[in-house]
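Student: I would like a close look at a single part of this model. Could you walk me through it?

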Amino acid sequence: MRNMDSNDDDDVALFDAEEDSAARKNKIRHPVASFFHLFFRVTAILVYLLCGSVGGSFIACMVTIILLLSCDFWTVKNITGRLMVGLRWWNQVDDDGKNHWVFESRKAGGNQSSASRSSNAESRIFWLGLIICPVVWVIFAFFTLVSFKIKWLAVVILGVVLQGANLYGYVRCKVGARTNLKNMATNYFGRQFLKQAFTKQEES
């Protein structure tokens, strides 16, 4: 009976450990970084919408939006990407004066501390904010052209460029270099071709 009780205790401890690890994966470990990852870009969109609908000084609105977009670009590129998903990208100049773009991703491994690992919640926040906001600026650009609000075009294009640059940089960090992208595409189409060939043989 005592052995059975001890086994039951071990089982309970095991399930508790699994629940704790799942809770840690869904916990936001960097709340300040997560907040500012969305704050600047969402505020820039809100300011654009309010200035476009309510009105106000065009110069003041334009300067405010540009400052928010610039702060967002710097924050996402240098801080939130590294903390929230373990990715970073930058440009460096070698001794010959040539520019090189570097795309890095933190290796998932056992040497990382629990504080440095990315959680699922932070990863979702990061990628949703990174993808949705540039799409919103592209929609703004379309409506700006359709409605002939040419004075807003420079602001909207700046939003597309700055947030699109961060999106492109982090996608490159995630999937690897351009050669890896080509290999992925080649492997995908190769697998599709083999699938179709095998299905045709089975049907015949």
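Student: In which helix is the place of Glu 122?

Tutor: Glu 122 has its place in helix H4, helices being DSSP runs (H or I, at least four residues) numbered from the N terminus. This is a predicted model, where local features need pLDDT of at least 70 and side-chain atom pairs count only at pLDDT 80 or more, while totals for chains, interfaces and linings use all residues. Residues are numbered from 1 along each chain as its sequence is written, and side-chain values use heavy atoms, leaving out hydrogens and water.

Glu 122 is buried yet has no salt bridge. Buried means under 20% relative accessible area, exposed over 50%, and partly exposed in between (1.4 Å probe, protein chains only); a salt bridge is a side-chain nitrogen of Lys or Arg within 4 Å of a carboxyl oxygen of Asp or Glu. The nearest side chain of opposite charge, Arg 29, is 5.7 Å away, where Lys and Arg count as positive and Asp and Glu as negative, with His and the chain ends not counted. Leaving out residues up to four places away in sequence, Glu 122 touches Ile 28, Arg 29, His 30, Ser 34, Leu 83 and Met 84, contact meaning heavy atoms within 4.5 Å.

Helix H4 spans residues 120–146 and also holds Val 135. Val 135 is partly exposed, with a relative accessible area of 46%. As for Phe 140, setting aside its neighbours within four places in sequence, its contacts are Ile 45, Tyr 48, Leu 49 and Val 156.

Technical notes
Helix = DSSP H or I, 4+ residues; strand = E, 2+ residues; numbered from the N terminus.
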